[in-house]
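Please study the sequence and the structure before reading the solutions.

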Amino acid sequence: PWRGRPRRSLVPCEEAARHGGRRQFNCRHWRGDSFPFVSRVARPHFEGFVSRVFGAAGSPRVVVDARCHRFMPAETMAALGACPPTCPFIAEAGWQACHFACVDAAECGSLHLGLQANATVSDRSRMFCRSCQLPGCLRYAHGRDECEECAAGYTRSRGHCVHDMSVLAYIEVGLLVFVALYLVAWYVDLLCRPVVNEAGVAQGLAVRSWSKLREPKRADSEGGSETRPLYPVTTNLSREPISSGLGTLLHFRFQLFWLCWSFYALCLWLVISGTANREMLFMLGVKDVTTPLALCQVVAWGNKLQGETMHIVLLFGGVLYGTTVVATIIFAARQRKKYEELDVRATMKDFVALVSQIPCVSGSEPVEEDIRQRLAASSGKRVVGVSIAWNLNDGRLAEAVYGELRSSQDAGPGATLKPTPSDSRSTGARKEPLKAGAAPDVSAAPTRWSGLRWKILGAPDRFLLYALGVQLGGKTKQRPEDLVKAMRPTQFGFAVFETEADRDEAISKVGEDGGFVYAGSRLSLQPIDAEPDSVIWHNMGVTRGQNLRRIMGGVLTLLLVIGIWGLLVYLPYLRAVQHLDYTMTRQTPGGVNVLAFAAMLTIGNVMLYFMCGLIADYCGFRFDEHRQGAYFVFYCCALMAIVTLDTYVAGLIAYKAAVAGKVHTADGQLLSEVTDRKAIFDSYPVQKSLGYQLFIYCFPSTFFAPYLVEPLFIVYIPYHLMVRVVRSNPSITGWRAEQALQVFIPFDAGRYGDIIVNVVLAMLAFLVPAGYILRILTALVGSLLLVYAWDHLRVLRLVPGFSISLHAIDNYAMMLSTMPCGILAAGIFYRENCVHGLYCFEGDGNMLFVMCFVVFAGHCVLHIAAWMFVVPLLWPTTPMRTELTYKEVAKYTPATWFSVNPGWCIRSQYFYRHRPPATLLVRGLEHRLKPNPKIGQYFEDGQPKAEYYP
């Protein structure tokens with residue numbers, strides 16, 4: 001055999017024989033490029049001569065393949081197929097992008113051959129030279145999946161890099177483990193407690209069932225258990241108004257509109273892209289790659305196809321944008337029209353006027369009666385009564401008033417529970433009829449429960465009861481008469497007239513006279529558009545200045561919470577993924593990291609849900625529509641902030657994956673060397689990675705996961721826990737049991753924000769490869785279908801009755817619906833840049849991004865202006881006056897301006913000594929209201945039937 005001066009490309013004879021040689025030798029054999037003194041022109045002839053010499057009969061010969069060590073473009077290498085047996089591994093060139101050569105296993109990472117230095121491991125599953133795939137490794141062992149030097153924050157152990165947990169991480173993990181073990185111990189103890197309070201569970205579950213949304217009392221009803229049955233499950237909530245108010249119908253029409261829009265957008269994309277390029281529809285941006293060779297092919301193919309089909313994407317975006325803007329404006333007009341058409345039914349707001357500038361007088365004065373008489377004399381109209389908003393801003397006073405009213409209801413008539421045979425399912429033990437006010441068998445409880453065991457394991461009980469508004473302990477030590485005297489009126493009250501015409505004429509007459517005088521102050525009379533059960537009575541004493549300061553404080557608190565969430569959750573997640581190895585596939589992390597990302601988003605959304613609700617309550621709004629509107633705006637803006645943060649994280653991960661994998665753009669330039677932000681964003685590797693990140697963000701993290709866990713965490717789990725808490729605590733009886741077993745989270749306006757954010761995320765699909773548009777729109781359709789079905793069942797069967805009577809919340813939703821259209825407008829402006837020659841912003845991309853923000857803001861301003869000025873022209877307001885009297889309406893309406901006012905109810909019982917007194921309305925206990933025409937109470941109803949399910 002030839003014994004020349006060997007180069008690094010020479011291999012042992014055993015290796016050559018294993019890959020096709022005829023005999024084995026204990027020496028190195030000649031390979032085609034082993035003669036540096038032979039020119040490229042003469043090398044083929046010389047190779048033939050040597051092959052003939054050493055290929056003679058009886059002599060050894062190694063088969064030489066021309067593909068070995070010869071660099072070829074990715075397209076050529078892929079067309080030729082697998083490498084020959086003599087050099088079976090594909091290696092990427094380190095000196096030119098997307099050029100590959102066939103090499104032997106020992107030659108992976110050879111700098112002498114011009115290969116990538118870090119690709120030293122021969123992967124026999126893919127027959128490719130790759131780098132060592134170990135997280136947190138800086139310098140790998142040559143040819144092995146072992147690390148020789150780890151990155152900062154990692155420690156080398158047995159060839160692997162183990163993450164060094166910081167002190168903060170140890171504290172976080174320790175706290176989580178402690179809390180988990182404590183909760184497990186508490187739950188086991190909860191299951192093992194003896195059942196000593198079956199009466200409280202029975203009463204609480206009965207009221208929980210009675211409080212569900214029921215049909216209103218009808219004029220032909222005579223009382224009894226079936227006077228107000230549950231609505232049928234087949235009720236069409238987007239067409240039929242129900243007792244919760246017209247706002248509920250508007251809400252479900254809003255959901256149905258965006259559901260139909262998502263289906264329309266999906267069909268539009270299928271029609272436009274499917275008839276033009278089916279490959280773009282299904283494959284652009286979603287092709288999986290497992291090797292650098294496949295990545296080079298996909299980048300070249302995707303960049304070319306993305307440029308060729310950009311006009312199709314722009315056509316889809318333009319048609320979708322134009323139709324969406326027109327549809328939202330028309331829909332806003334139809335919402336207004338629908339509200340005006342259905343608002344002809346007489347309600348309590350048709351008979352009331354707001355009395356303001358009431359002086360602060362003593363609670364020992366007959367304030368309501370004095371103002372009623374002076375208002376009747378000043379207006380010349382009959383006044384049914386005046387409901388003063390007493391200052392209950394003091395938490396202790398409000399708690400004492402509510403506690404006294406609820407305790408008096410427990411001791412009064414109607415507190416006896418009439419159990420049904422199905423009641424035994426609630427606890428699994430009760431067989432005898434019980435009275436709600438009956439004293440529980442306290443002696444059945446173990447004595448150790450009231451000692452150390454309660455102090456250690458009773459904290460979750462106390463927290464849950466506090467969250468549901470239940471304070472353990474006896475009645476207040478203060479006498480009810482003293483409570484009445486300690487109360488002071490706010491500057492507001494509600495005057496109720498016999499007819500709507502009397503109300504309007506009284507407002508006009510008092511306005512012309514400049515008000516009327518009471519206690520040295522001049523009181524004014526103003527119209528108000530509100531229902532009684534929308535008044536938040538304990539906030540009526542909050543001034544405008546206090547309200548504004550609390551709103552500002554709430555906004556700052558929300559920003560602080562988002563910042564802390566980012567510091568404690570996003571920062572560790574970024575740190576966990578920043579040292580992952582992307583050099584093999586150049587893609588973003590998957591598997592466990594995707595699940596962690598989805599869990600992080602779901603928990604973040606739930607956290608925002610509760611925080612925005614607490615902030616809206618803290619702001620001190622006087623009416624529930626305004627509180628829910630503010631909550632909706634807070635929640636939607638906070639979700640948009642989280643989406644922005646998530647988008648930044650996704651973009652950072654996508655860019656790092658591409659840079660770490662030494663990804664090249666379509667023109668062969670390393671992405672790490674590109675400084676133009678627009679070029680980085682438009683590069684196909686980053687686009688592909690962003691599309692993948694957006695898709696896993698949408699599905700299942702945002703579109704499905706929160707709504708799949710929602711029934712568990714807001715219905716079943718609280719129900720399961722609170723039944724066991726109440727049945728093991730003998731002090732939770734009467735109204736406390738009713739409060740403890742109520743639905744944990746009622747229906748609110750938060751769903752508006754969920755829908756708008758989901759649609760915004762779907763609009764972002766316009767900025768990623770077109771293959772993800774179909775997937776994201778399909779997921780959006782499924783998500784909105786799931787939300788609509790779940791909310792339909794939730795409203796009709798699972799939540800207590802509520803009131804959304806006005807269209808104020810829907811107006812907020814119409815305003816924020818401009819955000820998806822604005823996002824789409826900005827996306828079209830970005831995609832159109834330098835395409836058809838209309839405009840072209842070049843440079844580092846900063847000016848283009850600024851102009852995109854200007855387009856977004858400009859669209860929002862113009863869209864809101866159209867909603868404010870064009871919609872009223874499409875459907876002008878036509879007020880209609882009802883001919884019914886207050887008595888006729890109050891006879892079938894439990895929530896009047898007197899029955900929902902706690903200040904009036906306690907004064908009626910302990911100051912005016914009415915018989916029967918005004919009873920505070922509690923959802924589910926409408927049958928306890930007793931008529932008294934002298935104080936404006938006319939409603940009477942029987943006890944409804946209870947259904948025992950969550």
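Buried means under 20% relative accessible area, exposed means over 50%, and partly exposed lies in between (1.4 Å probe, protein chains only). The model is predicted: local features need pLDDT of at least 70, side-chain atom pairs count only at pLDDT 80 or more, and totals for chains, interfaces and linings use all residues. Residues are numbered from 1 along each chain as its sequence is written, and side-chain values use heavy atoms, with hydrogens and water left out.

**Exercise 1.** Describe the disulfide of Cys-98 and Cys-296.

Solution. 
Step 1. A disulfide is a pair of cysteine sulfur atoms within 2.5 Å; for Cys-98 and Cys-296 the S to S distance is 2.2 Å.
Step 2. The link of Cys-98 and Cys-296 is left-handed, with -90 degrees about the S-S bond.
Step 3. Cys-98 has 23% relative accessibility and therefore counts as partly exposed, whereas Cys-296, at 10%, is buried.

**Exercise 2.** Determine the handedness of the disulfide between Cys-108 and Cys-129.

Solution. 
Step 1. The sulfur atoms of Cys-108 and Cys-129 are joined at an S to S distance of 1.9 Å.
Step 2. The torsion about their S-S bond is about -55 degrees, so the disulfide is left-handed.
Step 3. Cys-108 and Cys-129 are both buried.

**Exercise 3.** State whether Cys-150 and Cys-161 are buried or exposed.

Solution. 
Step 1. Cys-150 and Cys-161 form a disulfide, with their sulfur atoms 2.1 Å apart.
Step 2. Cys-150 has a relative accessible area of 15% and is therefore buried.
Step 3. Cys-161 also counts as buried, at 11% relative accessibility.
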